[in-house]
Structure formats: structure tokens, C-alpha cells
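This briefing concerns the sheet and the nonpolar cores of one protein model. Please consult the sequence and structure below before reading the points that follow.

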Amino acid sequence: MCIRVRGKNDILYFQFDENVVFNDLYEELKKLLGLPAFNKNGYYSKGFFDFGSRILYEIEIENILDVLINHKNLLLVGINHPENSQKYTKVVHTTIHSGEVVEIYEDVVFVGKINKGGLLKSLGNVYIVGNVLGDIELICRSSKIYGDSFMGANIKIFNKNIKNLTNFSASSIYYEDGKIIIDNGVEHNV
């Protein structure tokens, strides 16, 4: 058994073995939730998932949620798993052309050019080594853009915009107090 289930108060605690590959845990969870004990008409058990020190990837969390949605017999009240303490920075060498959208889900060193009409979207920090004539969109308010060649660029951070930014000095661009700030102290009220 890869999953140990125990009850405490009115919650079932699912303890997942850290030393077993995820696919085995996934298959066992599907079998467990298919058991008659979990299929009581009109009754939903509450479940708490404890993954110990296992770091879950986004796709693994999605798979767990898919199992819960498909079985419709367990209310998830929480998940315990450690934060991924390792931060990855992706390096991308390319040119983003007009009409092209490139999405990155971590910090990125972008080596190349973002042409007018091209869009780079990121959840993490963006380090630009090249020219930005197009658009950069950061989803997280804590993310920053670092670069030194912005020519008519459009910057969007946490739904705030700077349009037609031209700047040829090394800059960090970030969101703070409802504004986008450029490291040289110029505030853009948007």
C-alpha cells in the first residue's frame, strides 16, 4: 500500500508514501476512491492529503484534482507538501515575431529580440539580453523585468500598463503600490 488512510474527528487523512513513484500513488488513489466505503449516496467524506517531503509538479496536482472531480465523493480540505525551494531559471534564445506569444512559467533569461506585435508572458522574473520592441506581460505582482534596450515596448505587470516605453539604460521594472516603477526613479501612474 502506497497510501495510508486514517480518520481523525470527521476528516480522513491520506498519507502518501514519499518513496513511491507518483503514477503508483495516482493509481492507488483511483482504486481507493472507487471502494464502496467512499460511495455513499449523498454523503461526501472530507479528506486531507499529506505528501510528506514529496515535491509535486503542477501536472501531478492537476492529476490528483482530476481524480477527485471524476469520483465526486471526497471533499478536499487541504494538501500538505513542501514548497519547491529550488528555483529554476530558463534560458531562451529566440526572436518573438509579430503575432507570436511565448509563455514561460519560471524565471527566464531571454536572449534575442521581441519584435513589435510579439508577446512574452511570464510568471517569473524576465532578464532581457537583446531588444524589446513588442510586449512583455508579467502575471505576478512580485515579478520584475531587467533589461537595457526598450524601444516603444508595452509592459504589463499585474494588470497595470506602460505603453511605448523607450529606455536605453540598464533598468529593473516592477510593480509597487499600484504603479509600475522603473529603477531610475521614474514612476508611471497607471
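Contact here means heavy atoms within 4.5 Å. The model is a predicted one. With that cut-off in mind, helix α1, spanning residues 22–33, lies across β1, β2, β3 and β4.

**The sheet and its helix**

- Four strands form an open sheet in the order β1-β2-β3-β4, and their pairing is mixed.
- The edges are formed by β1 (3–8) and β4 (74–80), each of which pairs on one side only.
- On average, and with direction ignored, neighbouring strands of this sheet are turned by 25 degrees against each other.
- Strand β2 (residues 11–16) pairs with β1 in the antiparallel sense, over 6 bridges.
- Within this pairing, Y13 in β2 is the residue opposite R6.
- Helix α1 runs at about 45 degrees to β1, and β3, which it also lies across, covers 45–50.

**The nonpolar cores**

- In soluble globular proteins, nonpolar side chains tend to be buried together.
- In this model the largest nonpolar core comprises 24 residues.
- The residues with the most contacts inside this core are L120, I128, I136, I145, F150, I155 and I173.
- Strand β12 (residues 150–157) gives the most to this core, contributing 4 residues.
- When neighbours within four places in sequence are left aside, I136 is in contact with I114, L119, L120, I128, I145, F150, N154, I155 and K156.
- Another core, of 19 residues, lies apart from the largest one; L25, F49, F51 and L56 are among its residues.

How values were computed:
Residues are numbered from 1 along each chain as its sequence is written. This is a predicted model: local features need pLDDT of at least 70, side-chain atom pairs count only at pLDDT 80 or more; totals for chains, interfaces and linings use all residues. Side-chain values use heavy atoms; hydrogens and water are left out. Two strands pair if DSSP finds at least two bridges between them. Helices (H or I, at least four residues) and strands (E, at least two) are DSSP runs, numbered from the N terminus. Axes are lines fitted to C-alpha atoms, for helices over the stretch in contact, and angles run from 0 to 180 degrees between N-to-C directions. A nonpolar core is a set of buried Ala, Val, Leu, Ile, Met, Phe, Trp, Tyr and Cys residues joined through side-chain atoms within 4.5 Å. Buried means under 20% relative accessible area, exposed over 50%, partly exposed in between (1.4 Å probe, protein chains only).
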